[in-house]
Amino acid sequence: MKKARLEKIDSHLARELRNDKFRKVYEVERVKVSLAQKIAELREKGNLRQVDLAKKLGVTQQFVSQIETGQENNLTIETLLKIARSLGRNVKISFPKSTTQEPRVKIA
C-alpha cells in the first residue's frame, strides 16, 4: 500500500496557482468569500438576524443566506449598495496594485 504524503497547504496552493484556469477561479471565489464574510460580520455587529436584513432589503432570508455563504452568483452593484445602506455603511471599491497578498474587499 502506498503511503499518503502530507504536504503543507501553502506549498500545495502555490503550486496550484501556477495553473491559469485554477488561479482565475480561485481569485473569484476568494473575493466572493471575503465579501460574504464581511456582510455577515457587519450584519451581526448591527445585531440583525438574516431575516431582519432580508426585510430591510425586500428579499427572502434565503437570499441573504446565499449572499453570506458566497452562493449568490448574481450579486449586483445595486444590491450591494442596498445591503451597505441597510447596514449603515457605504461601499468603497478600490483596485490596489497587485501583490502576492490576498485580494481585499472593503465595505466602509
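Student: Where do Lys32 and Glu29 lie?
Tutor: Both lie in helix 2, three residues apart, about one turn of the helix. Helices here are DSSP runs of H or I with at least four residues, and strands are runs of E with at least two, numbered from the N terminus. This is a predicted model, in which local features need pLDDT of at least 70, side-chain atom pairs count only at pLDDT 80 or more, and totals for chains, interfaces and linings use all residues. Residues are numbered from 1 along each chain as its sequence is written, and side-chain values use heavy atoms, with hydrogens and water left out.

Student: What does Lys32 form with Glu29?
Tutor: Lys32 forms a salt bridge with Glu29, and their closest N and O atoms are 3.6 Å apart. A salt bridge is a side-chain nitrogen of Lys or Arg within 4 Å of a carboxyl oxygen of Asp or Glu.

Student: Is Glu29 buried, partly exposed or exposed?
Tutor: Glu29 is partly exposed, with a relative accessible area of 36%. Buried means under 20%, exposed means over 50%, and partly exposed is in between (1.4 Å probe, protein chains only).

Student: How many salt bridges are there by this rule?
Tutor: The count comes to eight salt bridges. Among them, Arg23 and Asp20 meet at 2.3 Å, N to O. These two residues are also in helix 2, three residues apart.

Student: Which residues do shared partners join into one network?
Tutor: Glu41 forms a salt bridge with Lys38, with the closest N and O atoms 3.4 Å apart. Because Glu41 and Lys38 are three residues apart in helix 2, about one helical turn separates them. Salt bridges that share partners join Lys38, Glu41 and Lys45 into one network.

Student: Changing topic, which residues of the largest nonpolar core touch the most other members?
Tutor: Of its 13 residues, these are Ile39, Leu53, Leu57, Val64, Ile67, Ile83 and Leu87. Helix 2 (20–45), helix 3 (50–57), helix 4 (61–68) and helix 5 each supply at least two residues of this core. A nonpolar core is a set of buried Ala, Val, Leu, Ile, Met, Phe, Trp, Tyr and Cys residues joined through side-chain atoms within 4.5 Å.

Student: And Phe95, is that buried or exposed?
Tutor: Phe95 is exposed, with a relative accessible area of 75%. Phe95 lies in the segment after helix 5 (77–86).
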